[in-house]
Amino acid sequence: MVEGALRRARERITAAGVDMRLVHGDVTELRTSGVGTGYRLVLDTGTFHGLTGSQRAAMGREVGVITTDDATVVLDVFAPRRRGPLPHGASRADVERAFPSWEITDVETADTDPDALARALHFDEHWYRLRRR
Ligand SMILES: C[S@@+](CC[C@H](N)C(=O)[O-])C[C@H]1O[C@@H](n2cnc3c(N)ncnc32)[C@H](O)[C@@H]1O
């Protein structure tokens, strides 16, 4: 599945004529993934909230390694809830636990106009913005 998604992404990058590097890596092992360092912005749309507690802690640690001191991290997170195979979500405390060296500076509702599925599954989705303490 991942290779198929990457192939499709490569096609779209070519079609758009943009310069973009794709890395197939694990967010809990970023320093050995080849993604590199020196990032001022990390955006995660929906990975963090599906990880286990230890994976989240590893992701927080690894994001800390690849980012600059003035970096911003933005996470798109469902509220905690059982949703079958869908991500079980994360609370503000979960975010704080995984990113102990970071401060949550903003929390905003992510989906201001949820569709029927989002309402039925109670996504209750938020953007968290973090800066280093
Ligand atoms: C809910 S999807 C979100 C995908 C995409 N970011 C988006 O917004 O459409 C979560 C993704 O996280 C990936 N994932 C799960 N664990 C991961 C890990 N340890 N490292 C990297 N990706 C992971 C899954 O394969 C899945 O593609």
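How many helices and strands does the protein chain have? In this predicted model, the protein chain contains 4 helices and 4 strands. Along the sequence, these elements are arranged in the pattern α-β-α-β-α-β-α-β.

The overall dimensions of the protein chain were examined next. Its C-alpha atoms occupy a box of roughly 35 × 35 × 25 Å along the principal axes. Among contacts in the protein chain with a separation of 6 or more, 65% are accounted for by residues 24 or more positions apart.

Helix 2 comprises 14 residues, spanning positions 53-66. From its first C-alpha to its last, helix 2 reaches 20 Å, close to the 20 Å expected at 1.5 Å a residue. The buried residues of helix 2 are Arg 56, Met 59, Gly 60, Glu 62 and Val 63. An α-helix has 3.6 residues a turn, so residues three or four places apart point the same way. The elements that cover the buried residues of helix 2 include strand 1 (39-45), strand 2 (67-77) and helix 3 (92-98).

The ligand is surrounded by Asp 26, Val 27, Thr 28, Thr 45, Gly 46, Thr 47, Gly 50, Gln 55 and Pro 87. By residue class, this shell around the ligand consists of 6 polar, 2 nonpolar and 1 charged residues. Of the residues in the shell, Gln 55 falls within the range of helix 2, residues 53-66, and Thr 45 falls within the range of strand 1, residues 39-45.

Technical notes: Residues numbered from 1 in each chain as written. Predicted model: local features only at pLDDT ≥ 70, side-chain atom pairs only at ≥ 80, totals over all residues. Near = placed C-beta within 6 Å. Nonpolar A, V, L, I, M, F, W, Y, C, P; charged D, E, K, R; others polar. Helix = DSSP H or I, 4+ residues; strand = E, 2+ residues; numbered from the N terminus. Expected span 1.5 Å × (residues − 1). Buried ≥ 20, exposed ≤ 12 C-beta atoms within 10 Å, placed from the backbone. Contact = placed C-beta atoms within 7 Å.
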